[in-house]
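Below are my notes on the model, as numbered points.

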Amino acid sequence: ADGVMVLPQAEANTVLELEDLLTTRWENAAAIEKYVERFRNAPEILPTVVPDGFKADLRPYQQHGVDWLQHLGGHGLGGFLADEMGLGKTAQTIAHICVEEAAGRLDRPALIVVPTSLIANWSAELTKFAPHLRVLVLHGAERHERRDRLDRAHVAITTYTVLTRDIEFMKEFAWHMVVLDEAQAVKSPDAKATRAVCQLDTKHRLCLSGTPIENNLGELWSQFAFLMP
């Protein structure tokens with residue numbers, strides 16, 4: 001409509017640069033101003049107490065990673081944890097989920113989307129680090145029958161292939177967070193996996209990858225199209 005400017009939420013911070021140049025009437029001005037206020041000064045990343053339900057000791061950089069994930073979640077931002085292979089992205093993510101559960105915020109399941117080869121690893125790591133969490137694997141021919149248990153699960157694990165096939169159901173389900181592991185699997189804006197993950201209804205979004213860019217910057221664009229739609 002004439003006289004109306006629409007900005008993505010992620011661009012709210014750029015409004016600060018316009019304030020001295022323009023006098024205008026913003027649609028949803030109060031909401032935009034509240035969002036921008038969070039970034040006028042670099043907000044402090046506060047230490048997070050990881051609950052006893054998480055059965056491991058985090059290394060200092062892993063604790064910092066959990067603090068950062070909690071910080072992002074508290075500000076309504078998606079995040080990309082791009083530690084190199086072997087540095088514990090899975091452990092940090094599970095600790096983050098444990099914090100959410102202990103705080104009472106995990107009122108819907110977290111969804112972990114992985115390549116097929118990592119289903120067993122995620123299942124084992126969840127059992128090892130967070131045995132109190134109820135985990136549901138949505139893979140294989142029996143996955144349709146398991147959907148009835150989703151409401152009682154803390155964490156669901158599925159694959160990019162299954163998610164793409166089952167997106168009509170998965171997009172109707174409300175998730176607390178969606179985590180894309182080996183997120184470089186979302187390679188292009190037009191890929192079926194990219195379109196599928198971007199349709200999910202979730203409060204928080206995370207990407208994990210040791211190799212966020214394999215071929216070109218378009219891959220990173222696709223991942224951030226999911227993180228900050």
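1. Of the 229 residues in the protein chain, 42% are buried, where buried means under 20% relative accessible area, exposed over 50% and partly exposed in between, with a 1.4 Å probe and protein chains only. This is a predicted model, in which local features need pLDDT of at least 70 and side-chain atom pairs count only at pLDDT 80 or more, while totals for chains, interfaces and linings use all residues. Residues are numbered from 1 along each chain as its sequence is written, and side-chain values use heavy atoms, with hydrogens and water left out.

2. The protein chain has ten helices and six strands. Both are DSSP runs numbered from the N terminus: helices are H or I with at least four residues, strands are E with at least two. Among contacts (heavy atoms within 4.5 Å) between residues at least 6 apart in sequence, 68% join residues at least 24 apart.

3. The six strands form an open sheet in the order S1-S6-S5-S2-S4-S3, with parallel pairing. Two strands pair if DSSP finds at least two bridges between them. S1 and strand S3 (135–138) are the edges; each has a single partner strand, so one side of each has no neighbour in the sheet. From one strand to the next the twist averages 25°.

4. Strand S2 (110–114) is largely enclosed by the rest of the structure, because five of its five residues are buried. In a regular strand, side chains alternate between the two faces of the sheet. In S2, Ala-110, Ile-112 and Val-114 point one way and Leu-111 and Val-113 the other way, and all are buried.

5. On the pairing of S2: five bridges join S2 to S4 in the parallel sense, and Ala-110 has Val-155 of S4 as its bridge partner. S2 also runs parallel to S5, with four bridges between them; here Ile-112 is partnered by Val-179 in S5.

6. Strand S6 (residues 201–208) is mostly covered, with six of its eight residues buried. S6 pairs in the parallel sense with strand S5 (residues 174–180) over six bridges, and Ala-174 stands opposite Asp-201 in S6. S6 also pairs in the parallel sense with strand S1 (residues 79–81), over three bridges, and Phe-80 stands opposite Cys-207 in S6.

7. Two helices lie across strands of the sheet. H4 lies across S1, S2, strand S4 (155–159), S5 and S6, running at about 165° to S5. Axes are lines fitted to C-alpha atoms, for helices over the stretch in contact, and angles run from 0 to 180 degrees between N-to-C directions.

8. How do H4 and H5 pack? Helix H4 (residues 89–102) and helix H5 (residues 119–129) meet at an angle of about 55°, with their axes 10 Å apart. The two are therefore oblique to each other; under 35 degrees counts as roughly parallel, over 145 as roughly antiparallel, 65 to 115 as roughly perpendicular and the rest as oblique. H4 contributes Thr-90, Ala-91, Thr-93 and Ile-94 to the contact, and H5 contributes Asn-121, Trp-122, Glu-125, Leu-126 and Phe-129.

9. Thr-48 sits in the loop between helix H2 (29–37) and helix H3 (60–74). Thr-48 counts as buried because its relative accessibility is 15%. Leaving aside residues up to four places away in sequence, Thr-48 touches Gln-63, Val-66, Asp-67, Gln-70 and Val-99.
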